[in-house]
Amino acid sequence: MSEAVPHAVARLRAACLTHSNTRPYLDRGSPRKERCADCRLPPSHCMCALRPVVPTRAGLCLIMAEFEPLKPSNTGWLIADVVPDTYAFSWSRTAVDSGLPALLDDPQWQPYLVFPGEFAAPERVLTDLDLAAAGHRRPLFVLLDGTWSEARKIFRKSPYLNRFPVLSLQPEQLSRYRLRRSTHSHHFCTSEVAALCLALAGDLHAAQTLEAYLDVFSNRYLSARQSVPPDAGDAEHQRLRDLGSQ
């Protein structure tokens, strides 16, 4: 992994480390744990060798809250690991990265802003994709990556996103994400949202792989926190291996 070209979230993390003088203390406990620069897990639980890469028709655009790329538990990183066409931008209320509007205006993409429909005007809201209507344009799912309060702020204060349809997901399953607490079980982590979007776009193998990759990451993250060795033979690791052989 050390020789791989850094993906979009890794580059954004590096930029945050370089330019931020006020970044928070993000590791739980003390002293701060040594972490792999690529997978953000302690070396004893590194999962770089397990990283799957699955080409997709759809793309993912992550608009990330200020310190989100620095958090070891961030799952936008997992999306960029799996899906080559992942883009990441840091959000600011007062400035917009010039690369973001250029991406959104790229004629190869049809952007969809993924957010609960109750926060958008009804005429903007979609609950499914009409891929035929998009023609040759590939789906580009715009995900707001941060805490729920940060995501709502980004949604409210980003007028350049107002021209795009809002894809309101209607998942039947509850979130399985275990690394951060949420007051609402229907709030999904960013990686889960991406998997649901990929499935809607017909990228089923990528969606299943991303789900399995999140499960392995969650297991290793929690076992490292509890000082328990990783179990590479458990059901989650086996599912990821099975998907990798397809």
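S227 lies in the loop that joins helix 6 (204-225) to helix 7 (235-244), where helices are DSSP runs of H or I with at least four residues and strands are runs of E with at least two, numbered from the N terminus. The model is predicted, so that local features need pLDDT of at least 70 and side-chain atom pairs count only at pLDDT 80 or more, while totals for chains, interfaces and linings use all residues. Residues are numbered from 1 along each chain as its sequence is written, and side-chain values use heavy atoms, with hydrogens and water left out.

Most residues other than glycine have a negative phi. S227 has a positive phi, near 60 degrees. This serine counts as exposed, at 65% relative accessibility; exposed means over 50% relative accessible area, buried under 20%, and partly exposed in between (1.4 Å probe, protein chains only). R40 also has a positive phi, near 70 degrees, and is found in the loop between helix 1 (8-19) and strand 1 (59-64). R40 is buried, with a relative accessible area of 3%.

The two helices on either side of the S227 loop also pack against each other, at an angle of about 150 degrees and with their axes 9 Å apart. Axes are lines fitted to C-alpha atoms over the stretch in contact, and angles run from 0 to 180 degrees between N-to-C directions. Helix 6 is therefore roughly antiparallel to helix 7, a term for angles over 145 degrees. In contact, meaning heavy atoms within 4.5 Å, are residues including H205, Y213 and R220 of helix 6 and E236, L240 and L243 of helix 7.

Nonpolar side chains tend to be buried together in soluble globular proteins. Here the largest nonpolar core has 48 residues, and L60, F141, L143, L198 and L210 have the most contacts inside it. Such a core is a set of buried Ala, Val, Leu, Ile, Met, Phe, Trp, Tyr and Cys residues joined through side-chain atoms within 4.5 Å. Among the elements giving two or more residues to this core are strand 1, strand 5 (138-145), helix 5 (190-200) and helix 7. Helix 6 gives the most, with nine residues.

L143 touches L60, C61, L62, I63, I79, V114, T190, V193, A194 and C197, not counting residues up to four places away in sequence. A second, separate core of 20 residues includes A120, I154, L161 and V166.

Notes. Parallel < 35°, antiparallel > 145°, perpendicular 65-115°, else oblique.
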